[in-house]
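Dear colleague,

I am passing on to you the structure shown below, together with an account of what was found in it. Please read the notes with the model open beside them.

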Amino acid sequence: IELKSGLLNIFLRTGIVFTQVDLWLGLSYCDGKWNEVTVSKEGSVISATMNELREQALEPHVQELKVNSPVYVGGIPPEIQSFYREMGLEQGFGGCMKDVKFTRGAVVNLASVSSSAVRVNLDGCLSTDSAVNCRGNDSILVYRGKEQSVYESALQPFTEYLYRVVALNEGGSVSSVWTRARTRESVPQNVPTPSRVHSINGYSIEVTWDKPAGVIGVIEKYILKAYEADGPTVPITSAELADAGMLTGVLTGLHPFTNYAVTLTACTLAGCTESLHALNISTPQEAPEDVQSPTAISFPTFLMMSWSPPKTPNGIITQYTLYMNGIPIYSGNGTKYVVKDLAVFTPYQFLLTACTLAGCTNSSQVTLFTAQLPPSHVDAPVLTVLDSRTIYVQWKEPVEVNGILDRYIIYMATNEQNFTNWNVIYNSTELFLDFTIPQLFPGTEYLIKLAACTGGGCSISEASSALTDESTPEGVPAPKAQSYASDSFNISWTKPEYPNGIITSYGLYMDGVLLQNSSQLSCYAYGLAPWSLHSFRVQACTAKGCALGPLVEARTLEAPPEGMVDVFTTVDGSKEVQLKWLAPNKPNGKLTYTVLVTGLFYADQ
């Protein structure tokens with residue numbers, strides 16, 4: 001069915017039979033009022049009626065019309081136009097349409113059943129387009145001149161106009177066919193505030209509104225917007241409703257227990273307008289979201305529990321419930337609780353429930369441990385002497401660790417320190433159960449104790465003792481030989497720097513001969529010649545052997561010389577005498593000589 005240049009054309013094809021009905025309307029429909037069009041097929045008769053005008057055609061061979069595809073009213077979608085090229089298929093219908101019926105039955109609401117609508121109001125126009133009509137004899141002269149185009153302004157929005165061109169010369173005139181054109185819509189004015197808003201739940205609301213009055217054009221869509229009361233001017237959420245025939249919509253994405261201001265926006269192809277005022281609503285409470293797991297400060301036998309409010313409470317929290325190993329242990333409005341009488345370093349499962357009037361939500365389950373303590377008891381280590389310089393230490397893991405074993409520490413002291421100064425010789429987080437202590441001193445008693453540590457501290461065992469094997473002494477000192485008389489020495493010495501065991505005896509060698517062998521640290525040597533040179537060396541012995549110290553030399557003190565001094569003289573001239581003498585038999589020291597001369601001496605005048 002097409003309306004073109006005042007002619008209503010009906011084209012009907014059933015099988016191979018083609019039927020056409022033409023109803024001349026002229027400009028009778030262009031009066032700004034509603035026009036009723038009826039098209040029918042009754043047997044072989046095809047008819048078209050518009051208002052009071054009617055035309056029909058009889059086609060005996062026409063077949064039954066079966067409709068098994070979508071029905072397009074006002075035009076054909078572009079994607080299928082290529083299949084109907086024999087039809088004119090000019091620009092589709094633009095305007096207003098209402099009360100459409102198919103055969104007998106109820107009126108079809110195109111606004112609710114249509115899949116799409118373009119440039120058409122499917123539920124009737126809100127106002128009549130009667131300001132300008134298009135009756136031929138009352139048409140308005142738009143332009144007179146020689147140009148072949150003209151721009152017309154000051155037209156009504158969303159109004160259909162018919163134009164034709166009349167060419168004049170001295171011989172007469174000729175007119176074109178009427179050409180239809182429709183102006184664009186205007187932006188909606190005076191969009192009303194939503195008439196009713198009610199909450200579906202804490203996250204969505206249903207909004208109802210009235211159709212905007214005075215909209216010139218086709219409303220393409222409505223937009224619902226929700227703003228937080230006293231919040232930013234940017235909407236929290238919005239919903240776009242493409243079915244402009246619906247006056248109810250659902251707005252989702254809201255937050256429970258929140259005040260909102262809801263507005264309505266109406267859109268035509270020309271633009272959108274939002275209502276000046278909003279309708280306020282408070283969403284109801286819902287069960288909390290993002291309930292935080294409880295945390296704790298750990299002690300050996302109790303936990304100081306605490307928790308934070310849910311990140312999204314969705315209302316007023318009425319109660320918290322704390323569960324331990326699935327059993328509720330606390331209910332109330334507080335955010336702290338002390339769980340007592342717990343085992344040391346033991347895992348416990350905790351879960352928190354937060355409730356509003358609308359419901360409750362659980363946190364995720366969390367495992368919390370009580371604090372660690374030092375091990376209850378640590379056995380003394382077992383010591384094995386491997387040789388004179390090495391001890392092998394072994395130990396056992398404590399029976400009651402009271403936590404996670406973190407490290408072992410070995411302390412050692414020697415008898416020379418009176419066991420007051422303990423040195424750490426091993427400290428390791430590698431939880432081995434043995435350690436070899438190297439580079440010790442032979443023949444030395446060591447005390448060794450073990451510490452086992454957890455995150456709660458360390459426990460120290462009793463000390464175990466071990467004596468390394470003896471060895472020959474090292475660092476035997478040089479003796480000190482002092483002479484206080486010309487025939488004797490006082491000789492003394494100290495212990496070896498490293499005895500490497502128990503010293504059984506000291507031997508003193510003088511001039512290579514063992515002078516004394518005892519446990520004494522001194523010796524007296526006498527009966528020696530004055531100013532005589534002697535060598536001394538100390539020997540220290542353990543059960544494993546002896547070692548010599550360095551050799552030192554010393555002299556006895558000097559004594560007066562013994563014997564006579566024989567003097568020999570030789571006269572060398574009238575004024576010179578040469579003297580010679582022999583040393584005493586026993587010098588008893590370093591000798592110096594003094595020559596004494598008496599008599600007359602010659603002196604040069």
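In these notes a residue is called buried when its relative accessible area is under 20%, exposed when that area is over 50%, and partly exposed in between, with a 1.4 Å probe and protein chains only. Please bear in mind that this is a predicted model, in which local features need pLDDT of at least 70 and side-chain atom pairs count only at pLDDT 80 or more, whereas totals for chains, interfaces and linings use all residues. Residues are numbered from 1 along each chain as its sequence is written, and side-chain values use heavy atoms, with hydrogens and water left out.

Disulfides

A disulfide is here a pair of cysteine sulfur atoms within 2.5 Å. The search of the whole structure returned 4 disulfides, and three of them are described here.

One of them links C453 to C458, with 1.8 Å from S to S. This link is right-handed, with 110 degrees about the S-S bond. C458 is partly exposed, having a relative accessible area of 43%, while C453 is buried at 3% relative accessibility.

Another disulfide is formed by C267 and C272, whose sulfur atoms are 1.9 Å apart. The link of C267 and C272 is right-handed as well, with 115 degrees about the S-S bond. C267 is buried, at 1% relative accessibility, and C272 is partly exposed, with a relative accessible area of 43%.

C355 and C360 also form a disulfide, and their sulfur atoms are 1.9 Å apart. Because the torsion about the S-S bond of C355 and C360 is about 110 degrees, this disulfide is right-handed. C355 counts as buried at 8% relative accessibility, whereas C360 counts as partly exposed at 48%.

C523 itself is buried, at 10% relative accessibility.

Salt bridges

Side chains of opposite charge can pair when their charged atoms come close. A salt bridge is counted when a side-chain nitrogen of Lys or Arg lies within 4 Å of a carboxyl oxygen of Asp or Glu. Across the whole structure, the search finds 4 salt bridges. Strands, which are mentioned below, are DSSP runs of E with at least two residues, numbered from the N terminus.

K221 pairs with E240, and the closest N and O atoms of the two are 3.2 Å apart. Since K221 belongs to strand 15 (residues 221-228) and E240 to strand 16 (residues 237-241), the pair ties together parts that are 19 residues apart in sequence. K221 is partly exposed, with a relative accessible area of 24%, and E240 is exposed, with 53%.

R389 and E474 form another salt bridge through their side chains, at 2.6 Å from N to O. R389 sits in the loop between strand 29 (382-387) and strand 30 (390-394), and E474 in the loop between strand 36 (464-467) and strand 37 (480-485), so this pair ties together parts that are 85 residues apart in sequence. R389 is partly exposed at 33% relative accessibility, and E474 is partly exposed at 34%.

A further salt bridge joins D406 to R407, where the closest N and O atoms are 3.1 Å apart. D406 is partly exposed, with a relative accessible area of 35%, and R407 is partly exposed at 25% relative accessibility.

Nonpolar cores

A nonpolar core is a set of buried Ala, Val, Leu, Ile, Met, Phe, Trp, Tyr and Cys residues joined through side-chain atoms within 4.5 Å. Which residues touch the most other members of the largest nonpolar core? They are I205, V207, W209, Y222 and L224, in a core of 20 residues. At least two residues of this core come from each of strand 14 (204-208), strand 15, strand 16 and strand 18 (259-268). Strand 18 gives the most, with 4 residues.

Contact means heavy atoms within 4.5 Å. When neighbours within four places in sequence are left aside, the residues in contact with I205 include V197, I200, V250, L251, L254, V262 and I281. Another core lies apart from this one; it has 18 residues, among them I391, M412, Y426 and A452.

With kind regards
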